[in-house]
Amino acid sequence: MKRRDFVKLSALGSAAVLAKSCSTSSDKKQVSILETSKKIKVVSTWISGIDANKEAIRILSSNGSAITAVEKGLNVIESDPNNTSVGLGGMPDASGVVTLDASIMDDQYNCGSVTYLQNIEHPISVARKVMEETPHVMLSGKGAYDFAIEQGFTHKNLLTESSLQKWQEWKKDNSFNLPHINHENHDTIAMIAMDANGKMAAGCTTSGWAFKKHGRVGDSPIIGAGIYVDPEIGGACATGLGESIIKICGSHAVVEFMRSGLTPEEACREAVERIKKTTENYDDLQVGFLAMNITGEVGIHSMYSGFECALQDENRSELIKSGYEFEWE
Ligand code: SD4
């Protein structure tokens, strides 16, 4: 199903969801201040962020911490077999194996991540365990899996019938061509939350680039690329083609742009500009950034049209359409 149709069909529950356009290619110099007040709030990439946010805000409303809100919010999407970019139901790599990347970070530079993790439904929770239970930041592959089992996680087959079928179709026709990460074939979820104490955390969880080369790791588990949080400035996270995001340390770049005085939206746009400068061919290359500063102001920007984020606080839920550099159609 195309994203457009999914947006139309998606059941948005009882929350009032308003589509709001921040800027378009023609008015991209316009700066949108989406949110400025410092109170509990959560913002997540893509439309699936709506469901993740509901769980996160439930936790924040009962005085839960930002880090727990991020973990539990992302768990919802990891368990959704219909999201083909995250956890259960995630698209496999070229060899038919589902491999997962995830990272989590609070606003005290504590962080944890897992890469190339297999058969564990909640990589974001394993990343949190890496952060809290080990002296390390990142565990990978079999080591990450063994650690997860040690910590009480259970082995699970994450390849659904539907993802297996898509992989089989791809293998039959295109096994020499990677599908692009473009405007509508990815749904990685990244989230930034602020709790009642004004503390912030960010997280990201994904099965990465569909049909990627076996062993490939994207930006999502790399602190500074997929996510970053600075206690004095705010947080940022990324979605889209990980290779391009890694090359500019995307989320860290967004935070540093905010440090230099830019609003979150301007900072996200500046990071996209940097990718344009550093990437020879950005035809059909989608990247999107999402940022929140410590005053609670939120902004997003992407290379191509179609990127959107879900924002929720105690009173409302909104779907924000991103400003962008190029119109897709
Ligand atoms: C990756 N950044 O593995 C991820 C993909 C993604 O929505 O964001 N998909 O490169």
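Student: Why is helix 8 largely enclosed by the rest of the structure?
Tutor: Seven of its 10 residues are buried, so helix 8 is largely enclosed. Buried means under 20% relative accessible area, exposed means over 50%, and partly exposed lies in between, with a 1.4 Å probe and protein chains only. Please note that this is a predicted model, in which local features need pLDDT of at least 70 and side-chain atom pairs count only at pLDDT 80 or more, while totals for chains, interfaces and linings use all residues. Residues are numbered from 1 along each chain as its sequence is written, and side-chain values use heavy atoms, with hydrogens and water left out.

Student: Which residues of helix 8 are buried?
Tutor: They are G250, S251, A253, V254, V255, F257 and M258. Their cover includes strand 8, strand 9, helix 7 (242–247), helix 9 and strand 10. Here contact means heavy atoms within 4.5 Å. Helices (H or I, at least four residues) and strands (E, at least two) are DSSP runs, numbered from the N terminus.

Student: What does helix 8 lie across?
Tutor: Helix 8 (residues 250–259) lies across strand 8, strand 9 and strand 10, and runs at about 140° to strand 9. Axes are lines fitted to C-alpha atoms, for helices over the stretch in contact, and angles run from 0 to 180 degrees between N-to-C directions. Helix 9 (residues 264–278) lies across strand 10, strand 11 (298–304) and strand 14, at about 25° to strand 11.

Student: What is the order of the strands in the open sheet?
Tutor: The open sheet has five strands in the order 8-9-10-11-14, with mixed pairing. Its edge strands, each pairing on one side only, are strand 8 (227–230) and strand 14 (323–326). From one strand to the next, the twist averages 15°. Two strands pair if DSSP finds at least two bridges between them.

Student: How many bridges join strand 9 and strand 10?
Tutor: There are seven bridges, in the antiparallel sense, between strand 9 (residues 234–240) and strand 10 (residues 287–293). For instance, G240 has V287 in strand 10 as its bridge partner.

Student: Which residues have the most contacts inside the largest nonpolar core?
Tutor: They are V43, I192, V254, F289, L290 and M292, in a core of 46 residues. Another core of 33 residues lies apart from it, with A56, V86, I104 and F153 among its members. A nonpolar core is a set of buried Ala, Val, Leu, Ile, Met, Phe, Trp, Tyr and Cys residues joined through side-chain atoms within 4.5 Å.

Student: A change of topic: is E121 buried or exposed?
Tutor: E121 counts as buried, because its relative accessibility is 15%. This residue lies in the loop between strand 4 (111–117) and helix 4 (123–133).

Student: Which side chains make polar contacts with the side chain of E121?
Tutor: The side chain of E121 makes a polar contact of 2.6 Å with that of S79, and another of 2.8 Å with that of K156. A polar contact is a pair of N or O atoms within 3.5 Å; within protein, one must be able to donate a hydrogen and the other to accept it, and residues adjacent in sequence count only if both atoms are side-chain atoms.

Student: And how many residues of helix 4 are buried?
Tutor: Eight of the 11 residues in helix 4 are buried, including P123, I124 and M131.
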